Amino acid sequence: MTAVEEVDVSDELIEDFRRDGFVVVPGLLSADEVRRYGSAVDEAVTRRSRHDTRALGEKSRYEQSFTQCQNLWEDSPDVRPLSFHPRIAGTAARLLGVDVVRLWHDQALYKEPGGRETDPHQDQPYWPIVETNTVTAWIPFDGSTLDNGAMGYLPGSHRLGVREFVNIFFGQPEDPLAREELAGIEPVWVEVPAGSVAFHHGLTFHLARPNATGTVRRVHTAIFFADGSTRGEGKFPHPSVERPGIPMGGVIESDVTPLAWPLPAGVLPPAPAEPIG
């Protein structure tokens, strides 16, 4: 078996993540990888959205925040090495303090020029996972800036015991930042250079600024969760557990949510037996 690539994450970055619920890890991708993977995700997003000819103003409030394409790793072989990149998945495991992580799903989040802000929310309430050992890797191919849609995080909000479903998909959502538990916590806006990756915990409240530039804010994300996590209740059916038929309370393990770390160097999970619909 080929050796697993070693991943080195400083104790300071781990401490920052566990205290604040987010952290930027510099230099996880080379300039060549950023270029190559950015092109691969561009092609996948273009293919997935080729039939949508609507102008930005014709889209729903949610869709005006970004174009979202999930599970690109399944039908875009050139994207798969990014979603399972050993330095990214390995960093996720180190930040969570676990030995093994699985991919929940990946997704492109492309915020068009003029795209509106992303409403504040937590990610975890959208996922029917009982445990909260979850983290999202947020990968901006051109870097994120305050002008093009940088993310803002409420530091320490993952430690407040709040797990609130915010319906950002339909209509005008309630503002979760008005909760008493979040009083006095201001978003920290974070600009992420290309090649660096921002990680945020599944319970960290976050939001994003509008894109006031003339170019798309190109971001790919990969969501990781601790191996051994189990299925819980969810507001809506979720394909990560519905497709493989994971029962309530069952361990979430299938070819839809494959192991992401550790993997032998150069080995990538195959696409699920049942292709994405």
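Which strand does R217 lie in? Keep this question in mind as you explore these close-ups of a predicted model.

**View 1. R217 and the backbone oxygens beside its side chain.** R217 belongs to strand β10, which covers residues 217-226. Look instead at the backbone: the side chain of R217 reaches the backbone oxygen of G149 at 2.9 Å. A polar atom of the R217 side chain also lies 3.2 Å from the backbone oxygen of L109.

**View 2. Helix α5, largely enclosed by the rest of the structure.** Helix α5 spans residues 86-96. Why is α5 described as largely enclosed? Eight of its eleven residues are buried, so the rest of the structure largely encloses this helix. To find the buried residues of α5, look for I88, A89, G90, T91, A92 and A93, then L95 and L96.

**View 3. A patch of negative charge on the surface.** Which residues gather in this patch? They are D8, D11, E12 and E15. One of them, E15, is found in helix α1, made up of residues 11-20. E15 has a relative accessibility of 52%, and because the cut-off for exposed is over 50%, E15 counts as exposed.

Notes
Residues are numbered from 1 along each chain as its sequence is written. This is a predicted model: local features need pLDDT of at least 70, side-chain atom pairs count only at pLDDT 80 or more; totals for chains, interfaces and linings use all residues. Side-chain values use heavy atoms; hydrogens and water are left out. Patches are made of residues with over 30% relative accessible area and no salt bridge: like charges are joined within 9 Å, nonpolar side chains (Val, Leu, Ile, Met, Phe, Trp, Tyr) within 5 Å. Accessible areas come from the Shrake-Rupley method with a 1.4 Å probe; for residues, only the protein chains shown count as cover. A salt bridge is a side-chain nitrogen of Lys or Arg within 4 Å of a carboxyl oxygen of Asp or Glu. Lys and Arg count as positive and Asp and Glu as negative; His and the chain ends are not counted. The place of a charge is taken as NZ of Lys, CZ of Arg, CG of Asp or CD of Glu. Helices (H or I, at least four residues) and strands (E, at least two) are DSSP runs, numbered from the N terminus. Buried means under 20% relative accessible area, exposed over 50%, partly exposed in between (1.4 Å probe, protein chains only). A polar contact is a pair of N or O atoms within 3.5 Å; within protein, one must be able to donate a hydrogen and the other to accept it, and residues adjacent in sequence count only if both atoms are side-chain atoms.
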